[in-house]
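Dear colleague,

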Amino acid sequence: MLDSSAPIGIFDSGIGGMTVASAVTRLLPNENTIYFGDTAHLPYGDKSTASIQAYSIKICNMLLQQNCKLILIACNSASAAAFELVREYVGSKAKVLNVIDPVVDYIKEHYDGKTVGLIGTKQTVLSNVYKKKVDALDKNIHLKSLATPLLAPMIEEGFFDNNISESIIDSYLSDPSLDAIEALILGCTHYPLIKNQICKYYENDVEILDTSEIVAHSLRAWLEQHYLVNEKGTGKRQFYVSDYTLSFEQSTNIFFGQQIQLEHYPLWE
């Protein structure tokens, strides 16, 4: 039996999952959350499936030790590579959610018969997980995908909202494989940080799907459905990293608008 007062565990390779974590805390301010950034192994997008699975199981083991009622894989690469394995590993100890299924459900409701673009890491795009799920909807939705491997490390290094990032973004979005799309899925949790620049490129002609908001609403709906919303929680937030970096701490402070204490938790020591 899951406890409504137990925390929500959220993990990603780095700062990208912070976009989801901040959306969750805005929507559910009383929930206690534990965030794990696997900074020792970022980015996940260019790692093998086996490596991502190994990292994910290690992190989930740590989150289970913290008695999390729900674990959100706040990373598209890990959602694509490790969700089924993690769900089997966790079993009935906690609910496991990913960041792909809520977006596919959203596409199903809003884009019947339309052409939708997807940008993400190599791991996410080459896995074809989005295409398989969208095709299975049988809604005549045409998905056009493009791997954009420079974007996540660029964001991790703090290069967004400047000329360098704008040049790289424009180069990717002008790729012919994204021609004639009506909406664009930001298929990496880092990408909401460059949403404004992407909107600027498309001049509001293409709807940009901020997956962090979609995922947060899906998570809340699941908690409500199972009577697991923490109504009386203090909104305590804990942050762990597998490798401490000053840039990660600074980014965390920006996301949450306050000084955040990072705790170092090596996965293999």
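**Helix packing and salt bridges**

Helix H4 (residues 101–110) and helix H10 (residues 211–225) pack with their axes 9 Å apart and at an angle of about 100°, which makes H4 roughly perpendicular to H10 (65 to 115 degrees counts as such, on axes fitted to C-alpha atoms over the stretch in contact, with angles from 0 to 180 degrees between N-to-C directions). Helices here are DSSP runs (H or I, at least four residues) numbered from the N terminus. Pro 102, Val 103 and Tyr 106 of H4 make the contact with Thr 211, Ile 214, Val 215 and Ser 218 of H10, where contact means heavy atoms within 4.5 Å.

This is a predicted model, in which local features need pLDDT of at least 70 and side-chain atom pairs pLDDT 80 or more, whereas totals for chains, interfaces and linings use all residues. Residues are numbered from 1 along each chain as its sequence is written, and side-chain values use heavy atoms, leaving out hydrogens and water.

The whole structure holds 8 salt bridges (a side-chain nitrogen of Lys or Arg within 4 Å of a carboxyl oxygen of Asp or Glu). One of them joins Lys 131 to Asp 135 at 3.1 Å, N to O; the two lie 4 residues apart in helix H6 (residues 129–136) and are therefore separated by about one helical turn. Lys 131 is partly exposed at 37% relative accessibility, as is Asp 135 at 42% (buried is under 20% relative accessible area, exposed over 50%, partly exposed in between, with a 1.4 Å probe and protein chains only).

Best regards

Note on methods. Parallel < 35°, antiparallel > 145°, perpendicular 65-115°, else oblique.
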